[in-house]
Amino acid sequence: MNKHFATSLLLSSLLLAAPAMAGMKEGRAAYGKGDFSSALQELTPVAEQGNPGVQLLLGEMYRKGQGVVPDFTQAAKWYSKAAEQGNVEAQFNLGTLFENGQGVTQDYTTAAFWYQKAAAQGSTAAQTSLAQMYQTGRGMPQDLAQAAALYSQAAKQGNAQARTQLAQISQTGVGVPQNNNQAAALFRRAAAQGNAEAQYNFANMLFSGKGISRNLTEAAQWQRKAAEQGYAKAQNALGQMYQNGQGVPQDLAEAANWFGRAAEQGIADAQFALATMYQSGRGLQKDFVQAANWYRKAAEQGHTMAQTGLAELYQDGRGVPKDPAQAAMWYKKAGEQQAANWYRKAAEQGDASAQFGLGELYEKGNGIAPDLAEAAIWYRKAAEQGHAGAQTALGQLYEMGVEVPQNLSQAAMWYRNAAEQGDMNAQANLGLLYAKGKGVDKDPAQAVNWFRKAAEQGHVTAQANLGYMYYNAQGVAQDFAQAAQWYGKAAKQGHADAQFSLGGMYENGQGVSRDLNQAISWYRKSAAKYNTGALNNLGVIYYSYANQGIKQDNVLAYALHNLARAQGNPLAAGNLAQIEQDMSAAQIAKAQELSRRMNVPGRLLPEIERHLANARYAKNGSKTATDMTASNKEQLVSAIQPPAATPAKTEKKSAKRHKKQSQANSTTTEATAEQNDKPADNGKQATKAKS
C-alpha cells in the first residue's frame, strides 16, 4: 500500500509537469522582457506547486514591486516557502526581512536563525550579516571573536562588505589584534570592488598615512569615487579637500558643490561649512538667510560651532530677526554640548568626576539626548571608583528600578558608601530607608542619625524628616522644641510640608509660644504651594477664630476648604458642609468663584489679599482693592495677621469641632510619611521625600 501511494504521487507529478514547465518558460520569458505583470501571472501557479526558485523570484517581485504594488508581507510569504526548502538566497532574504521588520514583526533571533542557515551553505552575504549581529549583540549574545571569524570567512571569498567590516575592526583592534597595514590592504581590495564605504575609509588612511604611505592625490581620487556614488561622508571629505587645496587644486566653488550634496544628506559638518561659506561669501554669494538656515540644521544636530554661529546671527540680527533670547539659548546649547564632549573625553580616560558628570548629562539630556541606560553605565564606572555623587545617583536608580533591576539592598549599599563620605543626599536617602525598613532592617534611631547628618548640612528634606521624628518620638525622645527647630529650618527653605507643620505648632503652642500671627503666616506660605492641610487649616482659622482676633470670613473659609477638598483633604468636605449652614446662595457662588481664581498657580495669595481688601473697603464704603496704596496694603497684612491671642473657648458651637480638626491636621502624620517612599532627588537637594 505504501508503494502504491508513492506511485500515485509520482504519476500526479508527471501529469502536472508539462503545464508547470510551460508556465515557467513563458513566465521567465516575460520577466526577461520586463513584462512583470504577465510574468507574475504565469509564475504564480508554478510557485504554488512548490518550485523554490520561482518562489524566490516571486518574493523578489513582491519586494521590489515588479508587476505589483510592493508588498513585503507577500515577499516574506514566498521567501519563507523557498527558504524552508533550503534555498540559500531565500533564507538570506527572509533573514533580512526579519532583521528590518519588513512584512513581518521585527525579530532579531529569527533573523539570526535564517542567516545561520544561509551562512552554513556558504552565503557570504549571510555570513556578513550574521557577523554584524554577533558584533552588536542583536539576536544573540555579543561575541566579537565570532564576528571577526565570520567576516574573515566571507572576506576570503571576496565579499566586499565583509572586507570593509574586517578592515574596520582591524583598524580599531576590536575583536582582532589592531593592524593598520591589514586594514589598509582590506580597504583597498573592497574599494577596488566598488564599495563606497571602503573607498572612503581607504582614502582617509591615505590622507593620514596610517598603514600606508601618505598620498593626498590618491586620497582625493578615492574620495571622489565614493562621493560620486552618493556616499555623504565622502562628499563632505572631498569638499574639505577642495576647500583646503589638499590633493586637488583649491576650488571653493567645487568645495561648496560637495558640501551642498553632503549637507542635503544631513552631514552636520557639511551644513556648518556651507553656512560659513554663505556668511563669508567665499565660494558662494553672501547670503545671511541661507547661512542661518544651514547653521540651524547643523545646530539642531548638536554641532557646537554651528550653535555658536547661529547665536551670533540672532545677536546681530543678520539673516534672522534680532533676538537676544534666541542667541542666549543657542549659546547655552553650545556650552552644554562642549561640556558633554569634554566630559566624554575625560570619562573615557577613566576620570571619575567626568564619568559622573557625563552620567548627569545623560540623565538630564543636557547637550546630548537623554539616555538613562547610558547614565547608569557612567554612574557605575564613577561609583566603583568611589565617587560619592555617582554612588548616590546609582543608589537612586536601584531604589526606583530605572535601567537596573530594582534592588533596595543595593540601593542601601551605594547610599551608605556615599553617606560615609559625607554626601548629604545619600545620608537623607539612607535615613529614609531606615525609617521605612526598605533594603535594611527598620531602625528609627539609625534614621534619625542619618537625617541629622544631612540636616546639619542644610538638606531641606532631611530637616523636615528630622522634625517629624522629634514630633512623633521615632528613634528619639519626643521633643516639640527640637521638632519646631528643624521644621523651621526646612520651612525657611520653602518646604511646604514643614511650613504646614510649623504653622500647626504655632497654632497649638507646641515647642513654641502660641502665636496665631505666625501660624497664619506659615499656613499661607504652605497653602500657596497648595498643601491641602494648610488650605484646610487656614479655612478653619477664618471661620472659627473670631473670638481670638481673626475676623470671620465665611466666603474665604469656604474657598480655601473647597480647594482642599478638590485636592483630596479628608477633613475639608465636612468643614464645607458646616460652613454652608451659615452662608447664603449668593455667598456660596462668590466663594466658588474665588476658589476658581485662587486655583491658578501663583494667584492664591494675591487673590486672598484682594478678597480681604475688597471686604474691608466695601464695609467702610471707601476705595476698592485696586485703589489701595502701598501703606494700605501693609495695613491689610497687619489686619489678617493679628498679635498672638490667649487661648480661650470660642463662642461658636462648632469651634471645638473645628479646633480638633485643625489639631489633627496641624503636623505631618505617619500616613503622610508613608505616602512618600521616594527619596529626595539624588545628587541634588530636591523634595521628593516628604516629612
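**Salt bridges and a buried glutamate**

Hi everyone, let me start with Glu228, which counts as exposed because its relative accessibility is 53%, over the 50% cut-off. Keep in mind that we are looking at a predicted model.

Glu228 has a salt-bridge partner, Arg224, with 3.9 Å between the closest N and O atoms. Both residues sit in helix 12, which covers residues 216–228, and they are four residues apart, about one turn of the helix. Arg224 comes out as partly exposed, at 25% relative accessibility.

Now over to Glu607. How exposed or buried is Glu607? With a relative accessibility of 6%, Glu607 counts as buried. A salt bridge joins Glu607 to Arg597, and here the closest N and O atoms are 3.0 Å apart. Arg597 belongs to helix 32 (residues 585–598) and Glu607 to helix 33 (residues 604–620), so this pair ties together parts 10 residues apart in sequence. Arg597 itself is partly exposed, at 27%.

Glu607 also forms a salt bridge with Arg610, at 3.7 Å between the closest N and O atoms. Those two share helix 33, three residues apart, about one turn. Arg610 is partly exposed too, with a relative accessible area of 37%. Arg597, Glu607 and Arg610 are among the members of a salt-bridge network that also includes Glu593, Arg596 and Arg603. The whole structure holds 12 salt bridges.

Last stop, friends: Glu99, in helix 5 (residues 88–100). Glu99 is buried, at 11% relative accessibility. What does its side chain pair with at 2.6 Å? That is the side chain of Tyr115, in a polar contact. Leaving out residues up to four places away in sequence, Glu99 touches several others, including Gln106, Met133 and Arg138.

Notes:
Residues numbered from 1 in each chain as written. Predicted model: local features only at pLDDT ≥ 70, side-chain atom pairs only at ≥ 80, totals over all residues. Heavy atoms only, no water. Buried < 20%, exposed > 50% of the residue type's maximum accessible area, 1.4 Å probe, protein only. Polar contact = N/O pair within 3.5 Å; in protein donor to acceptor, adjacent residues only side chain to side chain. Contact = heavy atoms within 4.5 Å. Salt bridge = Lys/Arg side-chain N within 4 Å of Asp/Glu carboxyl O.
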